[in-house]
There are 2 protein chains.
Amino acid sequence: MFKRKSIVAALALAGATGLASAAQWQALPERAPEPADNPTTPAKVKLGKLLYLDPRLSSTGTVSCNSCHNVMAGGEDNRPVAAGVHGQTGGRSAPTVWNAAFNATQFWDGRAASLEDQARGPVTNPIEMGMKSWDDVVARLKQIPEYPRLFKEAFGPDAEISEDNAVKAIAAYERTLITPNSPYDRYVKGDKSALTEQQVRGMKTFAEVGCIGCHSGPAFNGQMGQGTGVFQKFPMFDNPYFEGKYDFKDDLGRYEVTKNEADKHLFKVPTLRNIALTAPYFHNGAVKTLDEAVRVMAKLQLNKDLSDQQVEDIVAFLNALTGPFPKQDLPRLPATPGRTFDFVK
Amino acid sequence: MFKRKSIVAALALAGATGLASAAQWQALPERAPEPADNPTTPAKVKLGKLLYLDPRLSSTGTVSCNSCHNVMAGGEDNRPVAAGVHGQTGGRSAPTVWNAAFNATQFWDGRAASLEDQARGPVTNPIEMGMKSWDDVVARLKQIPEYPRLFKEAFGPDAEISEDNAVKAIAAYERTLITPNSPYDRYVKGDKSALTEQQVRGMKTFAEVGCIGCHSGPAFNGQMGQGTGVFQKFPMFDNPYFEGKYDFKDDLGRYEVTKNEADKHLFKVPTLRNIALTAPYFHNGAVKTLDEAVRVMAKLQLNKDLSDQQVEDIVAFLNALTGPFPKQDLPRLPATPGRTFDFVK
């Protein structure tokens, strides 16, 4: 796990050697890594996509995974904090589902080790999708005639509808939500026309300033698929430079998971893939624009005051990490002919 | 406008002559009617679909047209009453968007004469999408870089983003949301294998019992595109047969629009197309299942006690009015790179 001091040291070294090495620039794999016990298959992806888009996985019948992690947009909701059933809001911003498959851990505090584990959470969170239990979810799904067949197609003829199978299917779908052919990827693979001059300049600045110290690897989220992921202290703007400028409530971050004193205010280093589409920024969405987010991070994490030109160049580079997005069909959700559920009003 | 007595008289006649005439069974047109000032074009449909699916048309950024009129399902939300911003709920059930293009009027009380006029309403309704005004919506759309170009593509090189153009585009998209090739349509067009024996029996019962008195025409919603549409008195279950069985609040229906005494408790005769997918039933969703809805309607409107067999047959027939649904792509919503809106929390 990176700690602040070691990063600053590493960055000093990077600064001394000039530009970051070519090995630092990695294209995103064309396929997301898959756990041995949940290979990505078309039948699972098909089922997982339906579950992902199905609001009947919420108590009110109004909130689906896609409500807060919108695959038609940047994979989240462009709000500071998401809104769940009955319009309730929580304390953290919905992270993007795009390329979440390349995160070593999920949630801002890394409390889920896999996409499967992440998918278990929101469904029964009382302020998100509000179901009382996964047993209730499973009972509902069993009453939707097509779902039993779709689970068998995905998991074998003896498979039943279960929490484990549901989250496996959702995770399988999410592993298809990747954007490996961004202008940046094409550039790294040799198409030197894929980036503008300003974007190339921003790429260099991104490395020289030290952003790449944490935002490294193909997904710019630290190393991929290793251990518990990369966390970084978020100083909650207790920097005089930002005094009173942002609305920041205290949030102990990873400490809430580990109860380890050293983990206080640590948050996962988020991917920068499609970052231009996921304003507002940070774990509570307190910063509204990408240029301001770049400026704030440089000051807070690296104690650097960037010039306007540097900020503009880095933002131009970050825009080169957007899309393209795989084409998808709008599916038909399985029906319950002649009846519905007693959704919570 | 049909009144209760004239229907009963007409039905007595239908009963006397036996089976309804073949002219009563009409297939749905392959294309929805279009107003002269808003022809359905691919560019408008493309734009309208984006607006329809875009939650940024709501104050909170969480509710799109599709939230309550889900095109992945039966064109509504399968809830008694819909949930808008902050989880607020209203008094009436969201009608289906599927084949709404064949309604002579829109809303349960017919207060909108066209799909265009309907689309104006929910966006600025404080308990639905919650925008303060269409000016605010237009101002927001103007800040989303791709929308100005899409409006020009749809409405001409001099066109601006405006309320009128937005609702025209949404209506154009909705005119593509039709299901003209249901088993019933194929049967009416000559494919006698398209319906099961029970469905054919149910079709005859549907006519003989008198359902077709109101639910007539290709969309089973009264005549198509004529005048102010077909309304029918809804006796609010003031029938001793239903005493205390359902949760019905008083609702003056069309009277709220016309202030005409005779319009008290009148509601639009809804289409029966895809009715199996839109439980719960009636203007406030008080009846949970389709078989019960058939039984209740026969008693309330026609004073007939249907046998279980008659109910089952009619329900089988109604299921033949479902789909198929046109294939659609999941679109990408236009982005606001590096920024978002100050959505209401």
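**A walk through the model**

Start by selecting residues 42–53 and 163–174 of chain A: these are helices α2(A) and α7(A), which pack with their axes 7 Å apart at an angle of about 100 degrees. Helices here are DSSP runs (H or I, at least four residues) and strands are E runs of at least two, numbered from the N terminus. Axes are lines fitted to C-alpha atoms, for helices over the stretch in contact, and angles run from 0 to 180 degrees between N-to-C directions. The pair is therefore roughly perpendicular, a label for angles of 65 to 115 degrees.

Now show the side chains where they touch (contact means heavy atoms within 4.5 Å). On α2(A) you'll find Lys44(A), Val45(A), Leu47(A), Gly48(A), Lys49(A), Leu51(A) and Tyr52(A), and on α7(A) Ala166(A), Ala169(A), Ile170(A), Ala172(A), Tyr173(A) and Glu174(A).

Before moving on, a word on what you're viewing. This is a predicted model, where local features need pLDDT of at least 70 and side-chain atom pairs count only at pLDDT 80 or more, while totals for chains, interfaces and linings use all residues. Residues are numbered from 1 along each chain as its sequence is written, chains are lettered from A and ligands numbered from 1 in the order in which they are written, and side-chain values use heavy atoms, leaving out hydrogens and water.

Colour chain A by pLDDT, the predictor's confidence in each residue from 0 to 100. The chain's mean is 92, and 92% of its residues reach 70 or more. Residues 1–19 of chain A fall below 50. Where pLDDT is low, the predicted coordinates should not be read in detail.

Next, pick Cys211(A), Cys214(A), His215(A) and Met297(A), which an unreviewed UniProt entry annotates as "binding site". They are spread over 87 residues of sequence, yet they cluster in space, with a largest C-alpha distance of 11.4 Å. Such annotations may be inferred rather than shown by experiment.

Zoom in on two of them. Is Cys214(A) buried or exposed? Cys214(A) is buried, at 12% relative accessible area (buried is under 20%, exposed over 50%, partly exposed in between, with a 1.4 Å probe and protein chains only). Look for Cys214(A) in the loop between α9 and β1 of chain A. Met297(A) sits in helix α11 of chain A and is partly exposed at 22%. Leaving aside neighbours within four places in sequence, Met297(A) touches Phe234(A), Phe282(A) and Leu302(A).

Last stop: Thr176(B), in the loop between α7 and α8 of chain B. Its C-alpha atom is 7.7 Å from that of Val45(B), 131 residues away along the chain.

Notes:
Parallel < 35°, antiparallel > 145°, perpendicular 65-115°, else oblique.
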